[in-house]
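Reader: I'm new to this one. Could you take me through the aromatic pairs up close?

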Amino acid sequence: MIMKKLYALLVLGIISNSLLSQTWTKLNTGIVTPLNSLYFVNENVGYACGENGTIIKTINSGYTWDSLTSGTTQLLNDLYFINSDTGFVVGGTPDGGHGIVLKTTNGGSTWLQSQICSNVITSVQFINSTTG
């Protein structure tokens, strides 16, 4: 009975040590513009958006980032990607401006812009590939 308890404590100690020893690594995007949202499609491909129409993309887990041309200088608040190619970014002009939605179907190479309301859009999410 004592051996079972010692074994259980040893296993618990190893698991606890493993969890506690995990560390975060600070990665630099190279962007000085404030970013508002980050979304990873999988462990490698991720996107971020922020002020002045900024959209950036990584294909190597955030170790390097490339700037994408959004076609706008407006505030971008949030983004959601259905897969690594198709995604949406929302934002707009605060204080009496309008809300915008950007859509890409080619991994951010090009973006289609729609003005859909008279208020800034602050978040976006999809429950499947056609409903958001």
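Author: Here is a look at the aromatic pairs and the core around one of them. This is a predicted model, where local features need pLDDT of at least 70, side-chain atom pairs count only at pLDDT 80 or more, and totals for chains, interfaces and linings use all residues. Residues are numbered from 1 along each chain as its sequence is written, and side-chain values use heavy atoms, with hydrogens and water left out.

You'll find six aromatic pairs here (rings of Phe, Tyr and Trp, the last by its six-membered ring, with centres within 6.5 Å; planes under 30 degrees apart are stacked, over 60 edge-to-face, the rest tilted). Take Phe 40 and Trp 65: their ring centres sit 6.2 Å apart with the planes at 80°, so this pair is edge-to-face. Phe 40 belongs to strand S1, while Trp 65 is in the loop between strands S3 and S4, 25 residues apart (strands are DSSP runs of E, at least two residues, numbered from the N terminus). Phe 40 is partly exposed at 32% relative accessibility, but Trp 65 is buried at 15% (buried is under 20% relative accessible area, exposed over 50%, partly exposed in between, with a 1.4 Å probe and protein chains only).

Now for Tyr 47 and Phe 81, a stacked pair with 3.6 Å between centres and 5° between planes. Tyr 47 is in strand S2 and Phe 81 in strand S5, so the pair ties together parts 34 residues apart in sequence. Both are buried, and both belong to the largest nonpolar core, which has twelve residues (a set of buried Ala, Val, Leu, Ile, Met, Phe, Trp, Tyr and Cys joined through side-chain atoms within 4.5 Å). S5 gives that core its largest share, three residues.

Notes:
Helices (H or I, at least four residues) and strands (E, at least two) are DSSP runs, numbered from the N terminus.
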